[in-house]
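Me: Please go through the terms used for this structure. I want to see each value set against its definition.

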Amino acid sequence: MKPILKWQYDQILKELILLQEHQTDPSCPCATDGQMCVRKHLLAIEGYVQETIPMEENEYYKEKLKELAGQAQAYRQQEEAALRDEAEHADLVEWSRDWRKTFEEYSLGLDGEEQPAEKP
């Protein structure tokens, strides 16, 4: 995997992990001081994924990225409506976990596409 593509996937995975943590930690004051953590992470996921799509040459993962971008955008819009008291906040714990698992092995070259270099 090209270094820039690896970097992109690392950013996507980080944002998915942070979103999952914000959703599972009731002590996080996500809605204070204008933070809006869930919306922020969904925006970042959406942005990184949209940026990654043209870089990805593997058609399977390109389609997965497109799917993730669409879902992240829809959940972001739902979260924005919830922040305006027009909708319910979505539970994104399983969603973020499942998407992280979709890309984790691939980003490390462990899915058969590429293998990491062996240590001497």
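Me: What makes a residue count as buried, and what share of the chain is buried?
Reply: Buried means under 20% relative accessible area, with a 1.4 Å probe and protein chains only. In this chain of 120 residues, 38% are buried. The model is predicted: local features need pLDDT of at least 70, side-chain atom pairs count only at pLDDT 80 or more, and totals for chains, interfaces and linings use all residues. Residues are numbered from 1 along each chain as its sequence is written, and side-chain values use heavy atoms, leaving out hydrogens and water.

Me: How do you know which helices the chain has?
Reply: Helices are DSSP runs of H or I with at least four residues, and strands are runs of E with at least two. On that basis the chain has four helices and zero strands.

Me: Why is H1 called roughly antiparallel to H2?
Reply: The axes, lines fitted to C-alpha atoms over the stretch in contact, have angles from 0 to 180 degrees between N-to-C directions. H1 and H2 cross at roughly 160 degrees, their axes coming within 9 Å. Angles over 145 degrees count as roughly antiparallel, so H1 is roughly antiparallel to H2. Among the residues making the contact are Tyr9 and Leu16 of H1 and Leu42 and Ile45 of H2.

Me: What does Trp95 touch?
Reply: Contact means heavy atoms within 4.5 Å. Not counting residues up to four places away in sequence, Trp95 touches Leu16, Leu19, Leu42, Ile45, Leu68, Gln71, Ala72 and Tyr75.

Methods: Buried < 20%, exposed > 50% of the residue type's maximum accessible area, 1.4 Å probe, protein only. Parallel < 35°, antiparallel > 145°, perpendicular 65-115°, else oblique.
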